[in-house]
Amino acid sequence: MLTMGIDIGSRSSKCVVLEDGKLLTYGTIETGPNILKTSQAVVDAAVQRRTGLWGEYRMPLPDVKVDHLTIGDMACIVSTGYGRAVVPFAHRSITEISCHCRGAQWFVPGVSSILDVGGQDTKGIRVGANGEVADFAMNDKCAGGTGRFMEIVADVLHVPLSEIGPLSLQSTKTLPFSTTCAAFGRGAAVAMRKEGERKEDILSGLHEAIAKRVLALVKKVGLADKFVITGGIGRNVGLVSKIEERVDGLKVTLPQEPMIVGALGAALFALDTAQKQARAN
Amino acid sequence: MAVVGIDLGSQNTKAVILEGDEILGGASLETGESAETEARMAVQEALRQTGLKREDLKAAVATGPLSVPVTKAVNIAALKQRSAASCIATGAYFRFPQARTVLYVGADSSMAIRLSGDGQVEDSVKNERCAVSSGALLDIVSRMLEIPVAEMGAMSLQATAPQTLSSRCVVFAEGEILSFIHKNPPVPVPDVLAGVNQCIADGLWGMVQRMGVPSELLICGGVARNVGIVKAIEAHLGKPALVPKQPQYVRALGAAVFARQMEREGRASC
């Protein structure tokens, strides 16, 4: 039985296909201005096995041909994320909070706290005893603790987004970012460059400012072992290490492919629905 | 005796020359990489308007968010620094002693100040963590729509159906505005601008309210030249606000008033 999860994020879209609950294929693309087109394009990326955003695949995929698959082959499709309501071929849409909670458990059984840093919002989720969402907090009003802040600073420093993490680890001094506002961050980074500061030190300061901010959100709902970071930010080693410094010895667990956690959760929900229907028939 | 007040703003550097109660001249220049050069040039330009020479300036006070040493640039022995809040309060009180709350809106900072009856700062609140209640959004929109900041206020008054911005963050607002202008048909520019001005005004009004709703509100800083924002704040206030003719000079004027005080005290002690 094939099921699909589609996560249309504000900046990137992901699609996961499961075969009887096992990962068959996935793909990622940048979210375009037209969500209808993006929905179809991310399905194409999954069946053609493309990850347009971060390059290489981190999850082992079964060595079978999948490029003939279409949405018609799916027993159920669930959409999630910021654009979830607009995916024309989805049978259901489920909030990204629920999908991240479900997907994180697939990657890390026994997870109790989740931090998801997305392109334009950040969420802290506490997982209940039965794997349900016990509590969550969300920042979607301010770009301060989101991927957008990192994008803006990476842009003024002329460093590709995928390289800011490794580069910041070479820092020898963390320059304090006095502002938490992404709009001011642009000016602050420019000013530091003018003063002759190094990019790696500016980025280290940026990651520290964001780490403080996003952790405050998780602490609101309760931070406990096992703590998992999801979203594209899970691939930013610089930010992850700054977060690790601030969680009192708690180990941060990263899913192998943090970007697809929401889409994977959606595909698992799709499997539930499809199985229920199969039983009903 | 002529004195000078210098305001090192994040976007513009201003100088105001004061003699007694008379404002003799004022100049504003875009702040470059080192505010020091602009400070020297602004003072020169203000001097040119007055026909005075640098030696005629007996005291100087510098203020503003950029704490750059301007000792060399100004070259006046009696030079001091004063805080931005006290200069705004003093400049506002000099022009409009009846003002009880002063709202200062600069390029990327803003401040609401409650004044005592004699023009002293009683309380103040600053906006330094978030760009939404400042001119930052105007700059972004100006670049996006290719409309000079100076024209955005008047143009917004032509709006017929102001487009409400749901974002309370300039970064997200940028994306939202982009969706307005790419709509089919696009939202008319005046309606977009009216929404932008409303968004900024709402944030600023929150700051004013934290100082208590004032009997007389004075709005100053460069952004006070935007009539759309001023009108939106007046709508919250329920009556007209006090707006100086050249609101961008109020902080520099306050610095000049402090310089005058310094100069008088200096003479008294001689």
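I shall begin with the conventions and then turn to domains, chains and helices.

This is a predicted model, in which local features need pLDDT of at least 70 and side-chain atom pairs count only at pLDDT 80 or more, while totals for chains, interfaces and linings use all residues. Residues are numbered from 1 along each chain as its sequence is written, and chains are lettered from A and ligands numbered from 1 in the order in which they are written.

In chain B, domain 1 covers 1–84 + 248–270 and domain 2 covers 97–243, with bounds from an automatic or database domain assignment. Their centres, taken over C-alpha atoms, are 28 Å apart. Seven residues of domain 1 of chain B are in contact with eight of domain 2 of chain B (C-beta atoms, placed from the backbone, within 7 Å).

Between the chains, the contact takes twelve residues from chain A and eleven from chain B. On the side of chain A, helix H5 (residues 182–194) gives the most, with four residues; helices are DSSP runs of H or I, at least four residues, numbered from the N terminus.

Finally, how do helix H5 (residues 149–156) and helix H7 (residues 189–210) of chain B cross? Their axes, lines fitted to C-alpha atoms over the stretch in contact, come within 8 Å and cross at roughly 100°. H5(B) is therefore roughly perpendicular to H7(B), a term for angles of 65 to 115 degrees, on a scale from 0 to 180 degrees between N-to-C directions. Among the residues making this contact are B:Met152 of H5(B) and B:Leu193 of H7(B).

Definitions and conventions. Contact = placed C-beta atoms within 7 Å. Helix = DSSP H or I, 4+ residues; strand = E, 2+ residues; numbered from the N terminus. Parallel < 35°, antiparallel > 145°, perpendicular 65-115°, else oblique.
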